[in-house]
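Student: Hi! I have a new model open and would like to talk it through. Could you start me off with the ground rules?

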Amino acid sequence: MCRVFWAVVVVFGCAWLPSSLSFAPTCNAPTFRRSSNRARCVGGSVALRCMAQLPERNVLTMQVKIDNSLRDVYLVGTMHYNPVSLQRVGDTVDALAETNSLSSVVIESCAARYAKWKDASPTSMQRRFLLSEMQVASDRAKVAGVELILGDQSIEDLGARTKVLLKETVVDLASPLQGGWGRCAEDVWKAGTTAFPSTPSSASFSGLGLRDLFDPALMAAAPVSLLRYPLAWLYRSPLPFLTLIFGAVFVSVLPDLLMYAATGSGSGDQGFAISAGMSVAERVDALAQEDPQAVLSAAAGAGGGLLVAVAEIVLFARVFLVALLNERNVILADKIRSACARAEPGKAVVAVLGMAHVNGVAAILDQPQGVGMSQGQSEKAANPV
């Protein structure tokens, strides 16, 4: 009981940690921000102002060619709801805005998601305890007076595309002789190599690596992110969140249910020494002693459970890599390129993305306009139904 109490204390303590401890706007006092990067204060003796600095990690800097000129782009890779990511997003936007070098800010959000928090009160739970890096980027863009661009696929299109891909994957898994398994493997392989590309020597950028992903400051704040992310999702969209959780739990226990059904079949009629509290190994031993033939039935059940587990992995990988990552990378890159086209020479575009998107988006931006996805893939991403 004591352990449960302290677990609840830790969960709510991290989740309700005020976001103001991790992000501070431009200050007007000789104090420094709580950040992994040192701030430098400049100004006279009457009023000191803290100047933001570009973070040393989690920011991919590159140039995008627009006609015959180049535009600077800063792709800020984040761990969603991580206080360190919030700080680095604010620092990046502020550092460019303070030197009048910022044209616009692109965030990984759509109109429906943006509407849920854009008008949130400063005293609301959304602002005080579930502040995200996208909200920070939006706030800092407004302060800087630059354009804010919603760069992500609409949640409605994403949901429709995900349903279509789920259906296609289930059909393909059920038809191995008709090439279904091959199509699944091909999609996963192509999407994986496209979403997580190796950076060629000819590229104009250096991709984010393990040094960025496993940054000590980012990892130290990861527990806060892991708690805030699901809580924010539950707070904004409770029904879809609970539906996903119940579905994931059912799918995760399905292999065990098949195994128990196989090892427990017929035990009531034949007097097998099997009880409800036995582990899987104990059930198999009991079956082997009573009826070796029943072990074959248990093995078949185990094999079915293994196939279900493999199918779960393939299903998740295909949906995640294709719909949630790869196709969205193309949409995000297109919005960033459009922002670059509207930017004045000498001014930069900042894009705030989940870290898994950064290298894939950069690889697309580094290619000539229109390259990066086949026509068929583009149509699926734009018109999922």
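Tutor: Helices (H or I, at least four residues) and strands (E, at least two) are DSSP runs, numbered from the N terminus. This is a predicted model, where local features need pLDDT of at least 70, side-chain atom pairs count only at pLDDT 80 or more, and totals for chains, interfaces and linings use all residues. Residues are numbered from 1 along each chain as its sequence is written, and side-chain values use heavy atoms, with hydrogens and water left out.

Student: Thanks! So what happens just after helix 2?

Tutor: Asn100 takes a positive phi of about 55° there. At the start of helix 2, a side-chain oxygen of Asn82 comes to within 2.9 Å of the backbone nitrogen of Val84.

Student: Is helix 2 largely enclosed or open?

Tutor: Largely enclosed by the rest of the structure, because 14 of its 16 residues are buried. Buried means under 20% relative accessible area, exposed over 50%, and partly exposed in between (1.4 Å probe, protein chains only).

Student: And what span should helix 2 have?

Tutor: At 1.5 Å a residue, its 16 residues should span 22 Å, and the end C-alpha atoms are 22 Å apart, which agrees. The expected span is 1.5 Å times one less than the number of residues.

Student: Switching to the sheet, what is the strand order?

Tutor: It is an open sheet of five strands in the order 3-4-7-5-6, with mixed pairing. Two strands pair if DSSP finds at least two bridges between them. Strand 3 (59-66) and strand 6 (147-150) are the edge strands, each pairing on one side only.

Student: How many bridges join strand 3 to strand 4?

Tutor: Eight, and the two run antiparallel. Gln63 has Asp72 as its bridge partner in strand 4. Their hairpin has two residues between the strands, and Asp67 takes a positive phi near 60° in it.

Student: What about strand 5 and strand 6, parallel or antiparallel?

Tutor: Parallel, with four bridges joining strand 5 (residues 102-107) to strand 6. Ser104 is bridged to Glu147 in strand 6.

Student: Which helices sit on these strands?

Tutor: Helix 2 (residues 83-98) lies across strand 3, strand 4 (69-78), strand 5 and strand 7 (348-354), at about 160° to strand 4. Helix 15 (residues 355-365) packs on the sheet too, touching strand 3, strand 4 and strand 7, and its direction makes about 135° with that of strand 7. Contact means heavy atoms within 4.5 Å. Axes are lines fitted to C-alpha atoms, for helices over the stretch in contact, and angles run from 0 to 180 degrees between N-to-C directions.

Student: Nice. How many residues are in the largest nonpolar core?

Tutor: It has 33 residues, and Leu60, Met62, Val73, Leu75, Ile336 and Val361 have the most contacts inside it. Helix 15 gives the most to this core, with seven residues. Such a core is a set of buried Ala, Val, Leu, Ile, Met, Phe, Trp, Tyr and Cys residues joined through side-chain atoms within 4.5 Å.

Student: What does Ile336 contact?

Tutor: Leaving aside neighbours within four places in sequence, Ile336 is in contact with Val73, Leu75, Val106, Ala351, Val361 and Leu365.

Student: One last thing: why does Asn359 count as buried?

Tutor: Because its relative accessibility is 18%. Asn359 is found in helix 15 and touches Leu60, Pro197, Gly207 and Leu208, not counting residues up to four places away in sequence.

Note on methods: A polar contact is a pair of N or O atoms within 3.5 Å; within protein, one must be able to donate a hydrogen and the other to accept it, and residues adjacent in sequence count only if both atoms are side-chain atoms.
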